[in-house]
Amino acid sequence: MRVIGITGGVGAGKSTVLSMLRELCSCEVIMSDDVAKEIMAKGGPLTDESIRLFGNEAYLSDGSLNKPLIASMIYGDGALLKEWNAAVHPAVNREIFDRIERARESRTYGFLFVESALLIENGYDAVCDELWYVYAPEAVRKERLRLARGYEDSKTESIMQSQLDDAEFRKHCAFVVDTGDGIENTRRILQNKLAEYG
């Protein structure tokens, strides 16, 4: 089984690429945001830390994290944000690394794709066979986010500035999936790449 990390900036098309990969090959997909939601839920490994940092109101009645409350508490409080990130990121990474190990042992799929915006920063090159960079030109990304999420250009630019730049992504990734020329071209790029593995 080949383990491939999928990364890229906001609006680059990572979800679209992963959806295509599910159709094109035998694979398991791990999405870091989904893992984070699971382990942040009440009863998960972050429960005690969530209550310690944010109080008993940290969870909603359905057991999910009270995101509006937490966002309001960490907004403008750099120390609290740093403390929360110091709890969340290692816990998410541990869970993903465990899932990668279990997938390697089970040998059920030909590929395992791990998606994370912080793949490079969190050292996933150590556990993945290779990293792929999902790329689209900035103008395309802004348009996608405006249409899909209603983001103003200023919001998109702010998010982009907090992420790695194009050169840094390219430096760490073995392969670039350019999604800027439409769905069919993206599909063709992926089919050609997967064909290399036989």
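A pocket is an open set of points on a 1 Å grid over the protein atoms alone, where a 1.4 Å probe fits, with protein on both sides within 12 Å along at least five of seven lines. Its volume is the space filled by probe spheres set on the points.

This is a predicted model, in which local features need pLDDT of at least 70, side-chain atom pairs count only at pLDDT 80 or more, and totals for linings use all residues. I number residues from 1 along each chain as its sequence is written.

Entry one, the pocket. I looked up the largest pocket and found a volume of about 1,600 Å³. The largest share, eight residues, comes from α5. Helices are DSSP runs of H or I with at least four residues, and strands are runs of E with at least two.

Which strand is largely enclosed by the rest of the structure? I found that it is β1 (residues 2-7), because five of its six residues are buried, meaning under 20% relative accessible area with a 1.4 Å probe, protein chains only.

I then checked its partners; two strands pair if DSSP finds at least two bridges between them. β1 and β3 (residues 111-115) pair in the parallel sense over five bridges, and Ile6 stands opposite Glu115 in β3. Four bridges join β1 to β4 (residues 130-135), also parallel, where Thr7 has Tyr133 as its bridge partner.

Terms used: Side-chain values use heavy atoms; hydrogens and water are left out. On a 1 Å grid over the protein atoms alone, a cavity is a set of points where a 1.4 Å probe fits but cannot get out, and a pocket is an open set with protein on both sides within 12 Å along at least five of seven lines; lining residues have an atom within 4 Å of a point. Buried means under 20% relative accessible area, exposed over 50%, partly exposed in between (1.4 Å probe, protein chains only).
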